[in-house]
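Student: I want to learn how to read the cavities of a protein model. Where do we start?

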Amino acid sequence: MPPFFVGGGTGRAPASLPMEGIHVHAAGWSVMAHGFVNVGQRWDPTPRGDRSPFFTQMLMASARRTLGAGWLDANLQLSIESLGGRRGYPLLLQTGETADGVVPLVDRQHPHDALGGASLTYTLEIEEGAWAFLYGALAGSPALGPVPYMHRPSGSINPVAPLSHHFLDATHIAYGVITGGVANDLIQAEASWFNGREPDQERWLPERPALNSWSARLTITPGGSWAAQASFANLDEPEQLHPAVDVYRSTVSLMHHAEWERGAWSTTLAWGQNQRQRTTMTLAEARARLPAPLLAHYLGLAPLPPGADDTLLLLIDKRVRSGTLAETALRWGRITTFARYEGLLKDELFAPPDPRHSTAYRLTKIEAGAAYEAGRRGRLTLRVGGSASAHRLPVELTPLYGARPVGYTLYTRLAF
């Protein structure tokens, strides 16, 4: 039997990770359903912070059966997070995507698309203990980065998204993915052709699939408790508000998971880097393709000389940004404690045309919390929890965020 993939794509987790959820066997199919709803309150009490309720949710169903000489896997992921609003929830220092197609979201985490995954995978044993697989998705996750944060056992108990999300696993919803690979119990090598453009602000509507980017990933799973991956991608114009700019993304990660009678301990270490490539276009093309605030930003960095016409070349310089993550979750009986460290070099904390839009800042965030299992009925579990976070920022940002900004989360989690 080939190994199960995790997170709706072809990512591998340690073999010791249990397949939690509701399991049903019928008509030759083995079906598994898993989901959660987090409802709570977020506080980021700084001049740029906010205080508001938040809501995150995911439902995933997967099914497997034999087909011919191999196995067919089907996966579907759905979310109604957009019921909480297009602007998502407060999250200090988070950047990425937009709520209206014009203004970038800053200090907020965007909601996920209603269709988070719809894929089929066919796996064929090519020799004893070795398999080849082909994965196709209307919406899915290419061979890039670690298992997405909402599926990692080290991070899923924390309802707040990592700040490093856009350096590591932001492609976990890509509209159009084809992945091929080979695997055995120890190693998996794969490559993807996929749509590298991030979903737009229309969260309820699927987007037209496209194949414009590529990635490759190597995963090693020794000893049953470990999973390590390294991956690289060439993303074609991934960001809606930064069209015409391609990105190289590199990631490495290490996951560990151990189970015992009354508990489990899971840890993930990860690093990711985005290289926005140097881009040159004529002023006419820039005016046609770039949003007005972004065009004004770049023209402000390099003012036009007198008499400039539409043939003038506009240079968008190369930028390298990165994020490091370490997160862990320890469950003992009814109590789960969790912690997350992130170190980042990131920009876009100011919306264009502000000249600081392209300025990179070194940021550190530490978050720790706990969740208590308040009730269980069958596979349905109710937990209540909370966390506190502390941030370290450069002195240039203290007028806006304070010298040592903090944040708090209280939440209730219903999962099966």
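Student: Which strands each supply at least two residues of the lining of the second largest cavity?

Tutor: This is a predicted model, so keep that in mind. To place a cavity, ask which elements supply its lining. Here they are β2 (29-43), β3 (51-67) and β4 (70-78). β3 gives the most, with three residues.

Student: What is the volume of the second largest cavity?

Tutor: About 270 Å³. In all, 28 residues line the second largest cavity. Closest to its centre are F36, M58, E81, H112 and M150.

Student: How does the lining of the second largest cavity divide by class, into how many nonpolar, polar and charged residues?

Tutor: Count each class in turn. There are ten nonpolar, 15 polar and three charged residues.

Student: Now the largest cavity. How much space lies in it?

Tutor: About 360 Å³. Its lining has 22 residues. Nearest the centre lie G96, H166, E239, R276 and E348.

Student: Which elements each supply at least two residues of the lining of the largest cavity?

Tutor: β5 (89-98), α1 (165-168), β14 (263-276) and β17 (319-332). The largest share, four residues, comes from β5.

Student: What classes of residue does the lining of the largest cavity have?

Tutor: Read it the same way. The lining of the largest cavity has five nonpolar, seven polar and ten charged residues.

Student: How many cavities of 30 Å³ or more does the count come to?

Tutor: A count needs a cut-off. With 30 Å³ or more as the limit, the count comes to eight cavities.

Notes. Residues are numbered from 1 along each chain as its sequence is written. This is a predicted model: local features need pLDDT of at least 70, side-chain atom pairs count only at pLDDT 80 or more; totals for chains, interfaces and linings use all residues. Side-chain values use heavy atoms; hydrogens and water are left out. On a 1 Å grid over the protein atoms alone, a cavity is a set of points where a 1.4 Å probe fits but cannot get out, and a pocket is an open set with protein on both sides within 12 Å along at least five of seven lines; lining residues have an atom within 4 Å of a point. Grid points are joined across faces, edges and corners, and a volume is the space filled by probe spheres set on the points. Ala, Val, Leu, Ile, Met, Phe, Trp, Tyr, Cys and Pro count as nonpolar, Asp, Glu, Lys and Arg as charged, and the others, Gly among them, as polar.
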